[in-house]
Structures are given as structure tokens and as C-alpha cells.
Amino acid sequence: MGKIPKKIILSLKILSNYLTNFKEQKSPPDVDGPTKSPISDRPMPPKLISDAKRRTHPLVWLAAVLCTVLSIAVIIGGIVIFIGYLVIHPRIPTISVLDAHLDNFQNDIAGRLEVQLTIVVEAENDNAKAHASFSDSSFFLHFLGIKIAQLVADPFEVRKNSSLKFHYAVVSNSIPLNPEQMEKVDSDLKADLSRFDLVGNTRVQWRVGLLGSMKYECHLHCDLKFHPSNGTYLRSPCSSKAK
């Protein structure tokens, strides 16, 4: 048998190496066991277990009791006030202009105005179970922005479910007028309609059973209209409003 050529032997070796490498790529890698993640390999921290019982401080209990008592007191107080309001039904006393009369209204050639009025003011207390006290009562009468007079009253009391009337006689002589005001007075006399403003305040206080003492400041602003020819007052509702 003759010798095998060297070229054939070299070709066989290359083919053998190629088949060996191919088998190594197809075969799966050896796995010794399941892959573990880095997180699962970390040891869990030990849990602290204590058998000691926590005790609440006495001051905490005291604060809780006080808060509970205070809450109950507020609720009861609110119920009492609500029931008292329904039973007593308090009303704010008022002050109003009941009647008026323009006794004199004329100006002279020199541009001086003479005014004389009678104004009836009524203080009314509609509360059936409480007296009302009025104080600091002060009202100003204006005409064309001019302050003619101030109406005041000393502190007084109006009994329950009652009223009290005040008659004010306002006399104002020789009020100097500028040309525009003189023209306005002449216009009022021709139209037989003049207008005055009564503005002021009074303080009211009254006691409403268990609800205690109640205080309000009442504001009065009335537009008084008259017929200068006969002094008739054009009635219009005008009562104080609580501030």
C-alpha cells in the first residue's frame, strides 16, 4: 500500500477540527444548579422582637379626657343655644322715622335759608321677653350737603314688646347758600318738593335668656321728602339696620 499524500492528511485534520468546533457550539453549557440573583443571596436583616409592653403616659390620658369633655360641652352648648333661639326668637330692636312735618322753608333775597321741621323718631323693641337699652343716639339732618341740626337722645330703655317716641323740633335760621344752592331751593319751591337726609347711629343692648347679652350698632339713613307748600311729609319706610 502506498503512502497517503500530505495534502490529503492536512485536509482531513482541518475537517476534523471544524466538526469538533461545531459540536461544542451546539451543546448547552453545563449548569450546576439554578442561577441565583445577587439580591436573593443577601441575608435578610433579623427582626427585632420585643415582649415589653408600651405604656401610655398619664398626661396623654388626661389630655384625651379633657378634649372629650370639652367637645361634649361645646355640643351641649350649641344645642342649648339653638333651642333657646327657637323658643325665644330674639329680634333686633330698631329705630325709625315715624312722622315729620316741614313747618317753614323759605329763602330771602340775600341767599339765606330758613328751615323749621318737626321729626318724630320711634324706638321699637319687638322682643316679648327682654328689655332693650339704647345709648349713644346721634343723628344729623342735612340739606343739599349742609348740616342743619343734630338730633341726640340720652340713654333710654324700651320695655319688652313696646316702643318709645321722641319729638324733635328743628329750627335753623339764616343758612347761607351759594348761587347753585339758591337755584336748587328756587327749583324745589317751584316743584313743591324738598328733600332732607337724616343720618346717624345708635347702640342697642338687650339680654336674651340663656343666650346672654347681645349688642348691636344700628345705622339709620332716611330720605325725608316734603311738600313746601303745606309741609306735608311724604311717608316712606325708613328703619335702622344692624351693622
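Predicted model: local features only at pLDDT ≥ 70, side-chain atom pairs only at ≥ 80, totals over all residues.

I looked up Leu144 first: its relative accessibility is 32%, so it counts as partly exposed (buried means under 20% relative accessible area, exposed over 50%, partly exposed in between, with a 1.4 Å probe and protein chains only). Leu144 is in the loop between strand 3 and strand 4; strands here are DSSP runs of E with at least two residues, helices are runs of H or I with at least four, and both are numbered from the N terminus. Its phi is near 55 degrees, which is positive although Leu144 is not a glycine.

Asp192 gave me a positive phi near 55 degrees too, again in a residue other than glycine. I find Asp192 in the loop between helix 3 and strand 7, and at 22% relative accessibility it counts as partly exposed.

**Ground rules.** Residues are numbered from 1 along each chain as its sequence is written, and side-chain values use heavy atoms, with hydrogens and water left out.

**Helix 3.** Next I checked the helix that Asp192 follows. Helix 3 has 13 residues and spans 18 Å from first C-alpha to last, close to the expected 18 Å (1.5 Å times one less than the number of residues). Which of its residues are buried? I get Gln181, Val185 and Asp188. They cover an arc of only 60 degrees around the axis, so they sit on the same side of helix 3; the arc is taken from the directions from the helix axis to the C-beta atoms. On the face turned away from the buried side I find the exposed residues Pro179, Glu180, Glu183, Lys190 and Ala191. The cover over the buried residues of helix 3 includes strand 1, strand 2, strand 3, strand 4, strand 6 and strand 7.

Three strands make an open sheet in the order 1-2-6, with antiparallel pairing (two strands pair if DSSP finds at least two bridges between them). Strand 1 (94–107) and strand 6 (162–176) are at the edges with a single partner strand each, so one side of each has no neighbour in the sheet. I read an average twist of 15 degrees from one strand to the next. Helix 3 (residues 179–191) packs on this sheet, touching strand 1, strand 2 and strand 6, and its direction makes about 100 degrees with that of strand 1. For the angles, axes are lines fitted to C-alpha atoms (for helices over the stretch in contact), and values run from 0 to 180 degrees between N-to-C directions.

Strand 1 and strand 2 (residues 112–125) are joined by 12 bridges. I noted two partners in strand 2: Thr118 for His101 and Leu117 for Leu102. The two strands form a hairpin with four residues between them, and Gly111 in the turn has a positive phi of about 85 degrees.

**Strand 7.** I went along strand 7 side chain by side chain. Phe134 stands opposite Val204, and Asn201 has His219 as its bridge partner in strand 8.

Is Ser194 buried or exposed? At 1% relative accessibility, Ser194 counts as buried. Beyond four places in sequence, its contacts (heavy atoms within 4.5 Å) include Leu102, Asp188 and Leu224.

Leaving out residues up to four places away, Phe196 touches, among others, Leu117, Phe143, Ile148 and Phe226.
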